[in-house]
Amino acid sequence: MAPSSAAVTAQLKQLVHYHLDHHSYDNALFFSERLYAHDHRSAESAYLFALCHFRLGDYRSAYEISKAANYRVVHLNCAYIFAQTCLLIERYKDGITVLEKSKSLWFHKSSFGKHTATARAPTPDSASVSCLLGKLYKAHDDKKRAIQHFEEAVKANPFMWDAFIALCDMGVNVRTQNIFKLNDALIDGLNSDQPPGILVEQKDNGAINPIDPLTKKPPIRSAGLDTIDPFDSQRSGTSNEVLLGNNFLNAGSGENDFYSKIHAARSRMAAAPEPVHEPMESPTVTNTDLPFSRLRTRNAQLADPGLPEAAPKAGYRLAGKRSQKAQDEHSSELHGPVLRASGAVASGIERKRTVSGHPVQPRLQSEEPGAPQRRSDRINKVRAAKAKANSVATTMATAPTRELKKARPQISRIMRPNSSGTGVGRAVSGNRKPLEENGMDIDHAEMSRIKEVPPQPPVIKPAEPDMVKIEEALRCLVELLKKFGSGYLALSQYRSADALAVFASLPRVHQNTAWWLAQVGRAYYEQASYAEAEKYFKNLRTLAPTRLEDMEVYSTILWFLKKETELSFLAHELVDSSWHSPQAWCALGNAWSLTGDHEQSLRCFKRATQLNPKFAYAYTLQGHEHVANEEYEKALTAYRLAISADRRHYGAYYGIGRVYEKLGNFDKAYTHFHSASIINPTNAVLICCIGNVLEKQRQTVQALAYFTKATELAPNAPQTRYKKARTLLAMNQLDAAQQELEILKTLAPDEATVHFLLGKLYKSLNDKGSSVRHFTIALNLDPKASQQIKEAIESLEDDDSFDDSMMT
């Protein structure tokens, strides 16, 4: 008989998922194509086919397949994979349209806590889709809507780190304490029926009882109990159906069929995790590991595979009861009549039958001290006498009747249906042999009426400690993420000192990671502390030698430090390891620039922009090289391309300001320098450039204010302190100028301009000896400026003769 089309489809889907989970994408693509050909009208088949193309990097094929499926029906998975391909092939509007069209399928949906090594959510949730929409709107240059969707993503799930980074990079002033916190949706996910995280993973490894699906078992016991299942060799075809989820109470009326289903249910108990107290269990039994495991072990030793059911032994049931007597009494007092009544339901309804097959009217005999001994107790007493050779039988210190009453709920728990009742006791023995001998059958009409009785409301249990631990772990992660977010936000706002303080407060284990080293290195780079930044990037290269991100910054640091050998070696390593990365070509361009070969450097930077047209930093480096070649129009074009790629790239605004300053257009230069300083208000170089423009416009007082601010931002930067000292000297504030120059002499003792300025200062102070000394040092440090220095010395002698004549 030919298999049904649905069966073939299901098997093909299973093969596709199998190969996808094992990262065998070629095999997954082959079987997904078979699936698509077999069931081409199904959106799920189209989604799997497109997903395989997407995993293999064939984005255009994924785009075409998912596009055709989205025309036929709105399918969230197809829409999501289609939007991802649109983001990569720059068809942003198409991706936005299809996600907005399917909004009813993902809006206010959350799958947090449903992802483990063995469990997956079938569709993306609102946080993931909102984040993707934000990326599409950002690429589509709709900043307002992009910010809106990124905010929705981090609001729904604070662990959407890329959405938070996007908000920071766009210059949004976010509050990390309002973002990184456990919201109601996450807490509701923790309190759902399916526990998140590792609990789901452990629960999946254990058997689940279809009779009691809502019972939560401790997950740790499942693995150990599954390995000692004694009933595997006795399972029949009927019992396999039970394990697949069929209810054994709905089986046929034959006695062998009924016993096989009872046997299957008992084997289910053997594979199930450690039992816990339920409202339908007897209050006289404490469900501990020891008697339960002994019960299973003894059954494994004494069961006869040829019989439907092995006769229960009294000896092993009574074993270990003395050690648990106190716990049994405590359990009986704790649960009281509710458990007693429910336990009576499990034993009375399920296993008490008259000769005619009708349920027995319950009667209370466990509380009657003079009640006659039952037939089942007499039979078990005889069997217990045969088992005295076993060491377990030594624990029989009390009457067999009471001990058997304690052990019986272990069997009744297996057999209980979802019903309720109030009777206790049984008229026929718990052993099913009399039914087998007499050939009696079950009255299914009575059984259906029993099943129709509504179940008792579940007893409210205290919160499981595992859930408390998971919530504590999530809170710990959120606090850690808050620190990471605060540091990254400060760095994106160019508050380098604040960022360094936050990064230093992170745990030590996270400080030895590539991401942390890169962020700290960038923070020192923004402070113009290039030597300190080099240390962290050097450690980064040692820890992650294949990392490409931020290597363009490292190459620029080496360029500022004039370390030609180290820069050439870095460029050589990057180009060899990743020929198609723009970072490698930027490093190579910086290496050529340091040697003075600007044409070769320009070729490298243009290659970087060809590899990634959105790489703003490569355009900026192109502009710097054009300025060095005095190609100002080409430089302006390169800087403008950098701004179009990233509107917050302050280096491009700085470059345009430099070009206009060289061209003498100080108003435009001031405008672009000011725009750059708004983006990066803590950059001393930008503040100093604004002061230069104002100084050239004869606005000395305003210029001094900017130079002072730049000195406060970068107290160890010689250039800013030099310009401040020069302005103070021009304004005839000699004492303040002398103080600044003395600090500057310590910072740059081999700088000729510093000594030249000191010579002019001492000349104004009429200190001829100090003035000549510093002019001479400047002449030795910079022989090319000998003409200007000699003129300064000669003017000093003229002033001295003039002063002498005045004194006489």
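## Surroundings of S32

S32 touches V16, L48, F49 and C52, leaving aside residues up to four places away in sequence; contact means heavy atoms within 4.5 Å. The model is predicted: local features need pLDDT of at least 70, side-chain atom pairs count only at pLDDT 80 or more, and totals for chains, interfaces and linings use all residues. Residues are numbered from 1 along each chain as its sequence is written, and side-chain values use heavy atoms, with hydrogens and water left out.

S32 sits in helix α2 (residues 25-38). Helices are DSSP runs of H or I, at least four residues, numbered from the N terminus. S32 is buried, at 0% relative accessibility (buried means under 20% relative accessible area, with a 1.4 Å probe and protein chains only).

## Packing of α9 and α10

Helix α9 (residues 143-156) packs on helix α10 (residues 161-169) at an angle of about 140°, and their axes are 9 Å apart. Axes are lines fitted to C-alpha atoms over the stretch in contact, and angles run from 0 to 180 degrees between N-to-C directions. The two helices, α9 and α10, are therefore oblique to each other. Oblique covers whatever is left after under 35 degrees (roughly parallel), over 145 (roughly antiparallel) and 65 to 115 (roughly perpendicular).

From α9, the contact uses I147, F150, E151, A153 and V154. From α10, A163, F164, A166 and L167 take part.

## Cysteines

How many disulfides does a search of the whole structure find? It finds zero; a disulfide is a pair of cysteine sulfur atoms within 2.5 Å. The sulfur of C604 is 9.2 Å from the closest cysteine sulfur, in C586, too far for a bond. C604 is buried, with a relative accessible area of 3%. C168 is also buried, at 1%.

Methods:
Buried means under 20% relative accessible area, exposed over 50%, partly exposed in between (1.4 Å probe, protein chains only).
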